[in-house]
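User: Please walk me through this model in short questions and answers.

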Protein chains: 2
Amino acid sequence: MKTTHTKNLIAVALVGALAFTTTIAHAADPLPSWNDTAPKKAIVAFVEKVTKEGSPDFVPVPERIATFDNDGTLWCEQPMPVQLFFALDRVKALARQHPEWKTKEPFASLLKGDLKTALAGGEHALLQIVMATHAGMTTAEFEQIVKDWLVTAKHPKFKQPYNECVYQPMIELLAYLRANGFKNFIVSGGGIEFMRPWADKAYGIPPEQVVGSSIKTKFEMRDGKPVLVRLPEINFIDDKAGKPVGINQHIGRRPVMAFGNSDGDKQMLEYTQGGGGARFMLLVLHDDAAREYAYGPAKGLPDVKLGAFTSALYEQTKKDGWTVVSMKDDWKQVFAFEQHSEQ
Amino acid sequence: MKTTHTKNLIAVALVGALAFTTTIAHAADPLPSWNDTAPKKAIVAFVEKVTKEGSPDFVPVPERIATFDNDGTLWCEQPMPVQLFFALDRVKALARQHPEWKTKEPFASLLKGDLKTALAGGEHALLQIVMATHAGMTTAEFEQIVKDWLVTAKHPKFKQPYNECVYQPMIELLAYLRANGFKNFIVSGGGIEFMRPWADKAYGIPPEQVVGSSIKTKFEMRDGKPVLVRLPEINFIDDKAGKPVGINQHIGRRPVMAFGNSDGDKQMLEYTQGGGGARFMLLVLHDDAAREYAYGPAKGLPDVKLGAFTSALYEQTKKDGWTVVSMKDDWKQVFAFEQHSEQ
């Protein structure tokens, strides 16, 4: 008995010691899902130099602003942007209230499951779909619709809720920056009201730190209650040259760090770098067809319409000293839901 | 010698003790410039109930959003809004580059010092003045122009820099709310870029917590540098029904507390109250002609065009349970620069 008891005690002590060592190791490495390659080293070196008092590159806490694109930078944007999946599901859900859609494009094709024909109308068709599904309700009602949809909708490849198809290395990066006095903002071409309902839980980014595209809203009394009604009219497109405009409008400071993954983020990174002094610009390259998707067309990867990382942008990263993350080489883990043999 | 020395020691000890007592008294009263009348009691009672864990009215820290109008709520807006003084001074400063203004209204009258004729053109004239003085430069250049102007310009009545004509009781209130986990936002009809350069120093409100009216900006490369250029085109008017829209756009949450002083703040207070649960709405009534200005027309005070606290709004405060602060009765001190007999 005594021997067994002693053995058990030793086993418990060993497990405890192992758990403790693991905790220490994790505490020492704020970015465990990143491989020890150049991008991780560059991030850590930058954060250390701008947070070290007395350093020539020291940045005071209030000025530590980091901006993140969302689609393709914080969460998966393939095979098409999540907000488009949402819009299509809404068209189906609303079809009963719109019998005229049966014969009206782009809705007729959509309802037949023919996405290609539906979107053949280009920007105009897309706008019709967005307005039909994103306007007409109050902001509170829309928030609830988004939340309800996320509970049931699943990513077609990963079979997980969309708001769990977020990149684990970026979640760690957000936490690491926050722990170092940074205020993280989303600056996305996606809808601001589409991201706010879940961004806090997924990223630790509160509604007031989300910048995005928007439609107009109107204050009115509905049943004696003051509400904001969403109107079928574009207010602001927070993409490309719109991103620096959105940053200035919402934040009023140039970011110190900026993160993106496509041509839509080029001007945000340029604007960040243009602030002078210590600045950090990073782009995620999706070159991991096995664990996520592979698209460019930079580095000969397949071309995509939305979220393209062009060869010209890739050349600019070299010229301007921007960091490029290879999802395949630089990320140990992509999603939190992945199973790991080493863990 | 020894007696003198002892006396000195006692004197030093007494002064020290007094200073200590004063410190304690101030620490105990976070709102020393407020009289112990109903508004102060209502503010403190509200903050205590929403910050007390387990209270049915408890509000979690991230949801503690307080919004403040600026003109007439945080700083003096009479005899006319500060931004108008700024615009007029800019017209004079820019006149040499615009010889055509000598014969072109509203500039011709302005340059002759005839403000009444200049503004007789109403909104259109005002817009011309604003665009001529607020657009055409980069955002960074405009920020510097505002900062430079504040160094030399003085309020005509108080002979102090405009950014020191801020209400001491409101400065204390901002600090008190901040100490209780609130995030304070300015939500003003004034220009967002006109307030940001000095709001942090004056109020402890950083640029990203300033919401205001704006003109459009455009991202472009100037001399190879990425900048935002201010365009002579209205982007957003953050006044009246625009305030809830601006709040939703920037903050994405309903405020828990809202502070204003005029008809321009009515919808912001309604929107705040409409959130349900514990909410606090307050309006400042300027009834102190001796220490500041007296204007309404509520309670028979003189009517003003900008910043009017109408009788209808005053009736609404009673119906909706909003707190009204009488500057004369409820504020012990109005400005920080005042001399006090009791201190």
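This is a predicted model: local features need pLDDT of at least 70, side-chain atom pairs count only at pLDDT 80 or more; totals for chains, interfaces and linings use all residues.

Analyst: Residues are numbered from 1 along each chain as written, chains are lettered from A and ligands numbered from 1 in written order, and side-chain values use heavy atoms, without hydrogens and water.

User: Which element of chain A has the lowest mean pLDDT?

Analyst: pLDDT is the predictor's confidence in each residue, from 0 to 100. Helices (H or I, at least four residues) and strands (E, at least two) are DSSP runs, numbered from the N terminus. Strand E1 (residues 65-68) of chain A has the highest mean, 99. The lowest, 52, belongs to helix H1 (residues 2-28) of chain A.

User: Is Thr317(A) buried or exposed?

Analyst: Thr317(A) sits in helix H12 (residues 311-320) of chain A. Beyond its neighbours within four places in sequence, Thr317(A) contacts (heavy atoms within 4.5 Å) Leu283(A), Phe309(A), Trp322(A) and Val324(A). Buried means under 20% relative accessible area, exposed over 50%, partly exposed in between (1.4 Å probe, protein chains only). The relative accessible area of Thr317(A) is 3%, so Thr317(A) is buried.

User: Which residue of chain A comes closest to the rotation axis?

Analyst: Copies are superposed by least squares on the C-alpha atoms of residues with pLDDT of at least 70 in both. A rotation of 180 degrees with 0.0 Å of shift along its axis brings chain A onto chain B (RMSD 0.0 Å). The two copies are therefore related as by a two-fold rotation axis. At 3.2 Å (C-alpha), the closest residue of chain A is His250(A).
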